[in-house]
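Morning, everyone. I have one structure to go through today, and I will start with the whole chain before moving to a single element. Here it is.

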Amino acid sequence: MRPRRIALNAAALAVLTVMIFPVYWMVVTAFKPTADIQSETPALWPARPTVEHFATAIGAEGFWTFWRNSLLVTGAAVLAALVVSLLAAFAVARMRWRGRGAFIVAVFAAQMAPWEALLVPVFVIARDSGLLDSLAMLTGVYFMITLPFTIVTLRGFLAAVPAEIEEAALVDGCTRPAAFRRVVFPLLAPGLMATSLFGFITAWNEFAFVNVLIIKDQGKRTLPVWLSSFRDVFGADWGATMAAATLFALPVLVLFLFLQRRVGVGMAAGAVKG
């Protein structure tokens with residue numbers, strides 16, 4: 001049994017190394033001087049770390065505007081998706097009503113559907129309604145993208161909370177909204193945090209819809225588009241490019257580190273029942 005465990009741990013470590021190394025190399029390159037980056041024998045760690053590449057990236061035109069747009073659009077979409085999906089998941093997990101099965105199937109179908117197939121219809125709707133170059137339209141699209149996932153995930157978290165706890169609160173005199181707010185909602189905190197993290201990652205990394213919906217007003221674009229055009233502006237400045245990529249990944253990393261304990265508990269809780 002012990003050799004088998006050692007082999008499995010070694011295999012897991014090898015996979016982890018392969019997955020993490022590109023991220024590690026991106027961050028290390030961002031701190032290397034240009035001469036070290038272009039060296040024929042690149043070092044695994046910068047001998048003379050520098051932050052000049054980060055200064056170049058932050059000083060690039062539109063950085064703070066695109067950063068603000070990404071945070072605003074992603075945060076608003078994820079918050080709205082959490083509110084709506086929490087109500088929908090509660091109705092699916094706790095109530096019995098006509099059309100419930102069809103609704104669940106529709107949500108799963110929407111979750112599995114490739115969102116790229118909706119690029120043209122969404123563009124036509126935005127064009128005909130005068131919502132091109134609009135952050136409100138972009139927020140609505142991100143909301144649409146994250147909603148099915150959050151409904152499916154929160155349904156699992158709600159199903160893992162015993163209904164008897166809520167029924168006991170109702171017997172003690174609580175109304176259904178009060179029982180949900182005081183008893184069920186605190187138990188859902190890990191699940192809400194885990195769901196918000198994955199929803200944030202999905203919306204934060206979205207690229208295609210920004211290119212389709214934001215055409216003329218470049219000031220309404222988000223960080224993924226800024227990052228894709230960064231090399232066109234700075235050419236082969238790999239240090240600045242890696243610094244820009246690091247800055248792009250930083251909010252997700254910070255959010256994950258802040259929620260990591262809750263995310264682990266939430267994922268375990270959501271796997272109890274489906």
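The protein chain has 14 helices and 0 strands. Reading along the sequence, then, you get α-α-α-α-α-α-α-α-α-α-α-α-α-α. Keep in mind that this is a predicted model.

Some overall numbers. The C-alpha atoms fill a box of roughly 70 × 65 × 30 Å along the principal axes. The chain has 274 residues, and 39% of them count as buried. As for contacts with a separation of 6 or more, 72% come from residues 24 or more positions apart.

Now to one helix, α7, which covers residues 135-160. How far does α7 reach from its first C-alpha to its last? The answer is 36 Å for 26 residues, close to the 38 Å expected at 1.5 Å a residue.

At Thr146, α7 bends by about 35 degrees, and a proline, Pro148, follows within four residues.

At the N-terminal end, α7 is capped by Ser134. A side-chain oxygen of Ser134 lies 3.2 Å from the backbone nitrogen of Ala136.

Is α7 enclosed or open, then? Of its 26 residues, 19 are buried, so α7 is largely enclosed by the rest of the structure. Buried here means under 20% relative accessible area.

To recap α7: a cap from Ser134, a bend at Thr146, and 19 of 26 residues buried. That is what I have.

Technical notes
Residues numbered from 1 in each chain as written. Predicted model: local features only at pLDDT ≥ 70, side-chain atom pairs only at ≥ 80, totals over all residues. Heavy atoms only, no water. Helix = DSSP H or I, 4+ residues; strand = E, 2+ residues; numbered from the N terminus. Expected span 1.5 Å × (residues − 1). Bend = angle between axes of the 7 residues up to and from the residue. Buried < 20%, exposed > 50% of the residue type's maximum accessible area, 1.4 Å probe, protein only. Polar contact = N/O pair within 3.5 Å; in protein donor to acceptor, adjacent residues only side chain to side chain. Contact = heavy atoms within 4.5 Å.
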